[in-house]
There are 2 protein chains.
Amino acid sequence: MLKKIAVFEENDFNEKQFKRLIVHESPYFKVINFNFKAGQELPIHSHDIEGQLSITILSGTGEFLGKDNARIPATPGDVLISDISEPHGIHAETDLRVLVTIAPPI
Amino acid sequence: MLKKIAVFEENDFNEKQFKRLIVHESPYFKVINFNFKAGQELPIHSHDIEGQLSITILSGTGEFLGKDNARIPATPGDVLISDISEPHGIHAETDLRVLVTIAPPI
């Protein structure tokens, strides 16, 4: 079965905190959409487990966050790859929609 | 290490055939960007192996292709989930950029 999720229609924004939509979860990967209002962020974090994740910028601009205060510009079409065990985060400069894929799923 | 790939800068279009950029490959997943000029397509296909894939529309519009001539509208922010063994494809109506993630990688 093909399954389509229209992320721009199915998730919106919240003034208080970023909004999270589970797009898909299976034994193979987990896909999550996060929407951030300008100024909101997913603080830098990591998990001490095997695997990698991607963060794809769907719309808006911001910064990927890394250890030692690294701040990497994030614009549409940018894809960040990180080990799950590597500190990572994201900060929104404008309203920002991202898609996170985690494999294997956690 | 964080690795950023600016897909909109690092891959372009080709009048003759879609253009493919390997964004990332690891034991966990494979991430590929395909750019299609209007009218180009990745014909319907499948592989008889375990795993799933996602197709995320980064820009442009088109149709996801499925078995029995299924055609599902594809616009930015849409994510299609498919088993690798399920027939799937994509057709571009306008110039179209997509990101495909395959787990486990093939």
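A salt bridge is a side-chain nitrogen of Lys or Arg lying within 4 Å of a carboxyl oxygen of Asp or Glu. In this predicted model, two salt bridges are counted between chain B and chain A. In one of them, the side chain of B:K4 meets that of A:D78, with a distance of 3.1 Å from N to O.

On the side of chain B that touches chain A, the elements giving two or more residues include the strands β1 (3-6), β2 (19-25) and β8 (78-83), and the helix α1 (7-10). The residues of that side of chain B divide into 24 nonpolar, 11 polar and five charged.

The size of an interface is often given as the accessible area lost when the parts come together. Between chain B and chain A the buried area is about 3,200 Å², and carbon and sulfur atoms give 65% of it. Of the area that chain B buries against chain A, 23% is supplied by B:L2, B:Y28 and B:I81, which is more than any other three residues supply. The contact itself takes 40 residues from chain A and 40 residues from chain B.

A search of the whole structure for cavities of 30 Å³ or more finds one, and the largest cavity has a volume of about 50 Å³. Its lining consists of A:S54, A:T56, A:L99 and A:T101 together with B:S54, B:T56, B:L99 and B:T101. The elements that give two or more residues to this lining are β5 (52-59) and β10 (96-103) in chain A, and β5 (52-59) and β10 (96-103) in chain B. By class, the lining has six polar residues, two nonpolar residues and no charged ones.

Definitions and conventions. Residues are numbered from 1 along each chain as its sequence is written. Chains are lettered from A and ligands numbered from 1 in the order in which they are written. This is a predicted model: local features need pLDDT of at least 70, side-chain atom pairs count only at pLDDT 80 or more; totals for chains, interfaces and linings use all residues. Side-chain values use heavy atoms; hydrogens and water are left out. On a 1 Å grid over the protein atoms alone, a cavity is a set of points where a 1.4 Å probe fits but cannot get out, and a pocket is an open set with protein on both sides within 12 Å along at least five of seven lines; lining residues have an atom within 4 Å of a point. Grid points are joined across faces, edges and corners, and a volume is the space filled by probe spheres set on the points. Helices (H or I, at least four residues) and strands (E, at least two) are DSSP runs, numbered from the N terminus. Ala, Val, Leu, Ile, Met, Phe, Trp, Tyr, Cys and Pro count as nonpolar, Asp, Glu, Lys and Arg as charged, and the others, Gly among them, as polar. Contact means heavy atoms within 4.5 Å. Buried area is the accessible area (1.4 Å probe) that two parts lose on being put together, summed over both.
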